[in-house]
Amino acid sequence: MADSPLLFTLGSLFLLSTLIFSSVMTVTKASCDSGPVKPTTPLVTFLEQLQQTALTTFGKTHFDPKLYVDLALKSELSLTQRAFHKLPRSANGSTSVNDLNEFLHDYFEGAGDDVVLAQPEDYVPEPEGFLPKVKNPEVRAWALEIHSLWKNLSRKVGGGVHKRPELHTLLPLPEQFIIPGSRFREVYYWDSYWVIRGLLASKMYDTAKAIVTNLIFLIEEYGYVLNGARAYYTNRSQPPLLSAMVSEIYKRTGDLEFARKALPALVKEHEFWNSGIHKVVIQDDQACNHTLSRYYAMWNQPRPESSTTDMELASKIKSVSEKQCFYREVASTAETGWDFSTRWMRNHSDFTTLSTTSILPIDLNVLILGMEHDIAFLAKVIGDGSISDRFLKASKARHKAIKSVFWNAKKGQWLDYWLNDITCISEPQTWEACNQNQNVFASNFIPLWIESLYSDTSMVEKVTRSLQSSGLLCAAGIATSLTNSGQQWDFPNGWAPIQHMIAEGLARSGSKEAKLVGEDIAVRWIRTNYKAYKKTGVMHEKYDVQKCGEFGGGGEYVPQTGFGWSNGLVLAFLEEFGWPQDRKIEC
């Protein structure tokens with residue numbers, strides 16, 4: 001691909017952002033070990049013990065802690081525990097490899113055995129009206145291959161989970177679903193939005209509705225959508241996109257009954273994000289109070305799916321209360337979907353300085369703004385004027401709050417806001433300009449995705465110019481940050497959600513300049529997915545945006561393939577932007 005005015009060097013921008021970050025991060029780090037904690041299950045507690053024994057026995061090489069909390073019991077937990085405690089041990093708690101392998105074989109089903117491959121009934125090899133704007137035959141053939149991957153990723157909960165749920169960490173979802181792939185054997189919350197966008201391009205409306213039905217089931221059972229459909233994820237949610245899923249499906253199908261059934265759950269989820277520990281009030285310089293939201297996991301112990309990893313990370317922290325605070329920050333960062341990134345760290349070189357509960361994230365708040373728009377729209381179409389008016393009013397208040405608290409006119413970006421004191425969150429905090437995080441992250445541009453923000457053409461043009469000079473736009477897409485920390489939600493990785501929200505917002509704006517930039521981002525992303533697929537034969541979870549066709553790395557697990565949201569976004573981008581016959585697909 002030829003050089004483009006979208007490409008920028010990172011050195012000077014990174015140095016400047018680091019200096020600014022160190023001066024801004026003067027807010028008080030408060031104790032957070034006293035917040036709410038959701039109880040876990042006896043099975044999860046036991047599987048964490050098994051996970052620790054497996055690590056000491058098998059060693060770190062190729063060790064995946066999640067594997068052990070995904071195992072299902074063959075028989076009663078008490079029987080399994082007795083056999084486990086009888087295993088001969090060495091001084092460090094390990095047992096022999098043969099003894100542990102024999103124990104695992106005798107007492108457990110394989111990880112993922114309780115999730116059954118399920119053919120989606122609405123899948124056809126080439127749907128009628130599939131991607132009409134894709135004219136290039138090579139791209140069309142590839143798109144059909146991506147479409148066919150839905151068969152590989154479609155699952156349902158095995159019958160044993162419904163009969164004996166206490167033997168499983170997998171939750172008994174009522175309908176079929178699409179998994180991300182690889183180690184992610186269950187449905188995930190925010191992944192499902194891009195899966196659904198792809199399913200809609202594939203004309204698989206019933207499968208899309210089934211995913212939503214499962215997520216509504218979680219709200220009815222727990223009061224919110226869980227991070228994922230596992231017993232160990234009940235202590236946190238993920239970026240709230242259920243209303244956007246319902247809205248997109250309704251706009252394609254016109255299914256009023258589907259919208260009517262979904263609405264109470266959407267209202268309930270809105271309450272979850274706008275009350276209790278998630279609710280924060282900021283008083284601006286005009287003495288106007290604004291209600292906003294933050295991430296805050298209901299957990300202060302190691303994450304069960306990464307228990308051994310979290311304990312190692314916390315090993316240098318001395319006091320119990322400080323460890324509990326750190327564990328809550330880790331779980332809260334997992335709730336953001338950006339696990340992990342320097343975005344959440346006071347000190348970019350020290351992982352233990354995660355302070356997510358002290359941040360008002362711009363992207364969370366614009367997603368809730370989108371939720372308010374969606375609920376108002378859906379309530380109106382089913383004839384509930386009272387709810388529609390209530391959420392229209394709420395959206396106007398949040399729109400004003402976003403402008404007052406997050407918008408930075410000088411930078412032409414919306415910036416995360418750091419809280420001064422999280423010990424007294426029930427009281428309004430006074431807005432201070434120095435608490436805006438001046439560092440450049442892709443999240444600073446995600447507000448472009450929301451219609452009430454991208455409809456302001458003059459603002460969009462200013463933000464577009466800011467994006468072009470930010471250093472985030474690279475050869476193969478938008479980088480997540482400018483900091484190469486080794487964390488997966490930092491440079492040089494690019495992720496499907498980031499590309500989509502920014503590119504689609506730009507493309508739907510009234511600015512010709514912004515539309516061109518949005519389409520250019522989509523083209524670059526499609527090309528890098530295509531080249532990587534042709535090289536490796538698989539779709540990837542994330543990509544290295546420095547070079548076309550390279551998949552991403554970093555973080556706490558090896559790169560994953562499959563991959564739900566990457567597949568979904570390629571199809572969604574091709575549906576929205578098309579691919580002319582004479583446009584090359586090669587980088």
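This is a predicted model: local features need pLDDT of at least 70, side-chain atom pairs count only at pLDDT 80 or more; totals for chains, interfaces and linings use all residues.
1. A residue is called buried when its relative accessible area is under 20%. The buried residues are Asp-191, Ser-192, Tyr-193, Trp-194, Val-195, Ile-196, Arg-197, Gly-198, Leu-199, Leu-200 and Ala-201.

2. What do the buried residues of α8 pack against? Their partners are the helices α6 (137–153), α9 (205–222), α10 (242–253), α18 and α20 (564–577), together with strand β5 (177–178). After α8 comes Lys-203, which has a positive phi, near 65 degrees.

3. One of those partners, α18, also packs with another helix. Two packed helices are described by the angle between their axes and the distance between the axes. For α18 (residues 496–508) and α19 (residues 512–536) the angle is about 150 degrees, and the axes are 7 Å apart. An angle over 145 degrees counts as roughly antiparallel, and α18 and α19 are therefore roughly antiparallel to each other. Their crossing is left-handed.

4. Which residues make the contact between α18 and α19? On the α18 side they are Ala-496, Gln-499, Ile-502, Ala-503, Leu-506, Ala-507 and Arg-508. On the α19 side they are Ala-514, Lys-515, Val-517, Gly-518, Ile-521 and Trp-525. By type, the residues of this contact divide into nine nonpolar, two polar and two charged.

5. The next topic is a sheet. Strands of a sheet pair through backbone hydrogen bonds, either parallel or antiparallel. Here an open sheet of three strands runs in the order β7-β6-β12, and its pairing is mixed. The edge strands are β7 and β12 (429–430), each of which pairs on one side only. Helix α15 (residues 385–405) packs on the sheet and touches β6 and β7. The direction of α15 makes about 95 degrees with that of β7.

6. Within this sheet, β6 (residues 279–283) and β7 (residues 289–293) pair in the antiparallel sense over five bridges. Lys-279 stands opposite Ser-293 in β7, and Ile-282 stands opposite His-290 in β7. The two strands form a hairpin with five residues between them.

7. The turn of that hairpin holds Ala-287, whose phi is positive at about 60 degrees, although Ala-287 is not a glycine. Is Ala-287 buried or exposed? Its relative accessibility is 56%, so Ala-287 counts as exposed; the cut-off for exposed is over 50%.

8. His-62 is another residue to check. Its phi is near 60 degrees, a positive value in a residue other than glycine. His-62 is placed in the loop between α2 (42–58) and α3 (66–69). With 81% relative accessibility, His-62 counts as exposed.

9. Where are cis peptide bonds found? One joins Asp-339 and Phe-340, with omega about 10 degrees. Phe-340 sits in the loop between α13 (320–336) and β8 (359–360). Another cis peptide bond joins Phe-491 and Pro-492, with omega about 5 degrees. Pro-492 lies in the loop between β14 (477–478) and β15 (493–494).

Definitions and conventions. Residues are numbered from 1 along each chain as its sequence is written. Side-chain values use heavy atoms; hydrogens and water are left out. Axes are lines fitted to C-alpha atoms, for helices over the stretch in contact, and angles run from 0 to 180 degrees between N-to-C directions. Helices (H or I, at least four residues) and strands (E, at least two) are DSSP runs, numbered from the N terminus. Angles under 35 degrees count as roughly parallel, over 145 as roughly antiparallel, 65 to 115 as roughly perpendicular and the rest as oblique. A crossing is left-handed if the near helix is turned anticlockwise from the far one by less than a right angle, and right-handed if clockwise. Contact means heavy atoms within 4.5 Å. Ala, Val, Leu, Ile, Met, Phe, Trp, Tyr, Cys and Pro count as nonpolar, Asp, Glu, Lys and Arg as charged, and the others, Gly among them, as polar. Two strands pair if DSSP finds at least two bridges between them. Buried means under 20% relative accessible area, exposed over 50%, partly exposed in between (1.4 Å probe, protein chains only).
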